[in-house]
Amino acid sequence: MPMKADKPTFQQSGHANRFRERIAGEKKPQSKPRFNTKNPPKKLGETFKKRPAEKQVLQETRTETRLSNASGSGTVNVVIKRTENRAQPYEKKTGALSPRAPEKIKKNRAEEMKVYGEKACLALFKERPESIIRAWSNVPTSHKIGEIFSYLAANKKAYHVVSNEELAKASGSEHHGGLCFLVKKPRTFTLQGYLAIPRKKDALVLLNNVSNAYNLGGIMRTCAIFGITGVITNNINEINNSAAMRVAEGAMEYIRPLTVERLSDGLDQLRQAGYQVVHLSPTKSQQRLQNVAFNAKVVFVLSETDDADLIAKGDAQPNLTPTNPLNSDLNLSVASGILLAHWNNQR
């Protein structure tokens with residue numbers, strides 16, 4: 001007769017924490033939470049670490065007391081030092097030394113601008129290469145500007161060879177011409193400071209509400225060709241215009257911007273300094289350009305709108321198109337070219 005196998009027994013003495021016999025259907029006891037109920041875990045979407053509103057700072061205090069000896073014959077000075085934690089409010093670290101400081105970013109945006117177009121960029125590199133901060137170029141143009149890349153690399157300035165799509169994003173225009181610079185804006189001068197130096201012969205151009213980039217670029221190119229370097233404006237953003245610099249094809253590098261708060265005040269200063277004021281604006285004046293004799297010192301007022309508020313007694317108002325059958329006048333950049341060419345023939 002076969003022997004019955006002994007029924008297995010489990011000894012739990014000394015091993016109660018390792019094994020516990022469970023009955024079928026019995027639920028497993030829940031373990032205690034591993035976190036403190038006073039500090040529950042973060043919910044989904046909350047930041048895990050919060051910046052403290054206060055920070056603990058070690059601060060040392062000194063207290064000086066005077067003690068007498070046992071016999072009472074003398075006293076000694078005792079200094080007691082105590083170091084304790086004191087809470088101080090948290091202060092955001094911003095300033096000139098922080099690369100992400102908002103005031104620094106705002107300042108850089110005010111002092112920097114984009115210049116694109118091959119001729120505009122090449123002229124800028126020729127006249128003021130130190131103002132270049134960063135450069136972008138497409139592959140075909142990069143084969144022609146090795147000198148620029150060598151200069152930028154020697155002066156530890158970044159340059160990138162990118163596709164036309166990326167170059168359009170960097171320059172902000174599809175008419176980038178294969179090259180784009182991030183540069184420091186040119187230095188400006190005041191008209192008052194310019195007039196402080198007496199001159200026997202001079203010619204200036206004053207811009208009145210010239211906002212069209214093609215007109216502005218064409219005027220700047222005409223001024224540079226005929227040797228006029230001083231351009232007066234009450235809005236420097238008219239001259240620091242990326243699209244206008246592309247149209248000017250490098251002429252901006254030979255122009256000196258002269259700023260004034262009010263154009264009328266600037267014209268009064270020019271009249272007092274002996275400048276002849278010539279207005280080229282949409283007007284039906286009967287004075288022909290051929291009958292105007294220019295003085296040694298003259299300023300040409302170019303306006304896209306009516307400038308009747310700037311005209312004073314004695315100012316010249318030549319009419320370039322006395323027999324014009326159209327209801328529109330010449331394009332401002334074309335008209336300025338005719339005017340400056342006539343002035344150039346008389347000097």
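Biologist: Is F149 buried or exposed, and what is its relative accessible area?

Modeller: This is a predicted model, where local features need pLDDT of at least 70 and side-chain atom pairs count only at pLDDT 80 or more, while totals for chains, interfaces and linings use all residues. Residues are numbered from 1 along each chain as its sequence is written, and side-chain values use heavy atoms, leaving out hydrogens and water. Buried means under 20% relative accessible area, exposed over 50% and partly exposed in between, with a 1.4 Å probe and protein chains only. F149 falls in the buried class, since its relative accessible area is 11%.

Biologist: How many aromatic pairs are there, and what is the angle between the planes of F125 and Y151?

Modeller: Rings of Phe, Tyr and Trp (its six-membered ring) pair if their centres lie within 6.5 Å; planes under 30 degrees apart are stacked, over 60 edge-to-face, and the rest tilted. The count comes to 4 aromatic pairs. F125 and Y151 make an edge-to-face pair, 5.6 Å centre to centre, with the planes at 75°.

Biologist: How far apart in sequence are the parts that F125 and Y151 tie together?

Modeller: Helices (H or I, at least four residues) and strands (E, at least two) are DSSP runs, numbered from the N terminus. F125 belongs to helix 2 (residues 118–127) and Y151 to helix 4 (residues 146–154), so this pair ties together parts whose separation in sequence is 26 residues.

Biologist: What arc do the buried residues of helix 5 cover around the axis?

Modeller: L167, A168, A170 and S171 are buried in helix 5 (residues 164–171). They lie on the same side of helix 5, because the arc, taken from the directions from the helix axis to the C-beta atoms, is only 165°.

Biologist: In strand 12, which residue is the bridge partner of V278?

Modeller: Strands pair here if DSSP finds at least two bridges between them. Strand 11 (residues 276–280) runs parallel to strand 12 (residues 297–303), joined by 5 bridges. V278 has as its bridge partner F300.

Biologist: Which side chain makes a polar contact with H279?

Modeller: H279 is in strand 11, and its relative accessible area is 0%. A polar contact is a pair of N or O atoms within 3.5 Å; within protein, one must be able to donate a hydrogen and the other to accept it, and residues adjacent in sequence count only if both atoms are side-chain atoms. At 3.0 Å, the side-chain partner of H279 is D307.
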